Amino acid sequence: MRGHAYAKINLTLEITGKRPDGYHELISIMQTISLADEIALEEGDDLVLDCNRRELATEDNLVLRAAHLLGRGGHFTLLKRIPVAAGLGGGSSDGALALRLLDALYHIHLTPERMVEAAAKLGSDVPFFLYGGTCVVGGRGERVVPLPDLPSRWLVLLNPGVPLSTASVFGELRPDEYVQIPKATHWGGQDLPPLANTLEAAAERLEPAIGECRQRLLAAGLSQVLLSGSGPTVFGLAADQSQARRIAEDTGGIAARFVGRTEALALEA
Ligand code: C5P
């Protein structure tokens, strides 16, 4: 059994406050995009993970943690393409795909509620990837409402090439930066929501190269440019595929397109 673990961008990520459990309350419109890892799973009693980046095949990899959670073994092969600790949800997407592959290969038939519960244990962004496409995500990430696919769009991703930990960016966020009335709550669901990311300023205080990436995309001709998640990857929406490819080449970025739900959830036997 195999599948693609697509990356995500946050078209909006608005933080409304800090919770008693230490996590932050958020509302985010998330979108899967065509940049993807690939995972194959073969049946087996032993639990093995092979990865083209061997330093990632450690016990804390979310693929292995997913298998431990469901109490199953098998031979996983992970082809890693999504930059790590980049704000693109790569590790989370791998974890969600591992849950889906295990569920399908071993005919576990977990209910959607149990799948979301397991996903939330792996990380705040993991439940979203059980749905993919376009979703509104709330709570600390565990409340996911799937939306109809948005019209496909091309974009350019620009990554400063330095990892940035999610926890450090949330730690840098100041209470005066919390959003009172999230823009996402006023969005009608058509076309694109107004881009917004509460973490952008905090992430840029920790990693000034984010500002340089944003400037490069703006200078290349993109006007809708935003930090994805906790960064440090910045994305810019393009008019079409040819503009995205040209700007990706000029800036050293990656061209990608929105991936809808059916494509995001496809598995191959
Ligand atoms: O859930 P996950 O392990 O991916 O979160 C990583 C870190 O990001 C958490 O330890 C927390 O510091 C921060 N976080 C947060 N609020 C969220 C999600 C993550 O404060 N909603």
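User: How far does a polar side-chain atom of Ser-124 lie from an oxygen atom of the ligand?
Analyst: The separation is 2.5 Å. Please note that this is a predicted model.

User: And what about His-24?
Analyst: His-24 also places a polar side-chain atom by a ligand oxygen, at 2.8 Å.

User: Which part of Arg-140 lies 3.1 Å from a nitrogen atom of the ligand, backbone or side chain?
Analyst: For Arg-140 the atom in question is a backbone N or O.

User: How much of the ligand's accessible area does the protein cover?
Analyst: The ligand has 450 Å² of accessible area on its own, and the protein covers 71% of that. The space that the ligand takes is the largest pocket.

User: Which elements give two or more residues to the shell?
Analyst: They are strand E2 (24-42) and helix H5 (166-172). The largest share, 3 residues, comes from H5.

User: Which residues surround the ligand?
Analyst: Among them are Gly-22, Tyr-23, Leu-26 and Gly-123, and the list also includes Thr-166, Ala-167 and Phe-170. By class, the shell comprises 4 nonpolar, 5 polar and 1 charged residues.

User: Changing topic, how many helices and strands are in the protein chain?
Analyst: The chain has 9 helices and 12 strands. Its radius of gyration is 18 Å, close to the 18 Å that the globule rule gives for 269 residues, so the chain is as compact as a globular protein of that length.

User: What does the C-alpha trace span along its principal axes?
Analyst: The span is about 50 × 45 × 35 Å.

Terms used. Residues numbered from 1 in each chain as written. Predicted model: local features only at pLDDT ≥ 70, side-chain atom pairs only at ≥ 80, totals over all residues. Heavy atoms only, no water. Near = heavy atom within 4 Å. Polar contact = N/O pair within 3.5 Å; in protein donor to acceptor, adjacent residues only side chain to side chain. Areas by Shrake-Rupley, 256 points an atom, 1.4 Å probe, with all protein chains shown as cover. 1 Å grid on protein atoms, 1.4 Å probe; cavity = no way out; pocket = protein on both sides within 12 Å on 5 of 7 lines; lining within 4 Å. Sits in = over half its atoms within 2 Å of the grid points. Helix = DSSP H or I, 4+ residues; strand = E, 2+ residues; numbered from the N terminus. Nonpolar A, V, L, I, M, F, W, Y, C, P; charged D, E, K, R; others polar. Rg over C-alpha atoms; globule rule 2.2 N^0.38 Å.
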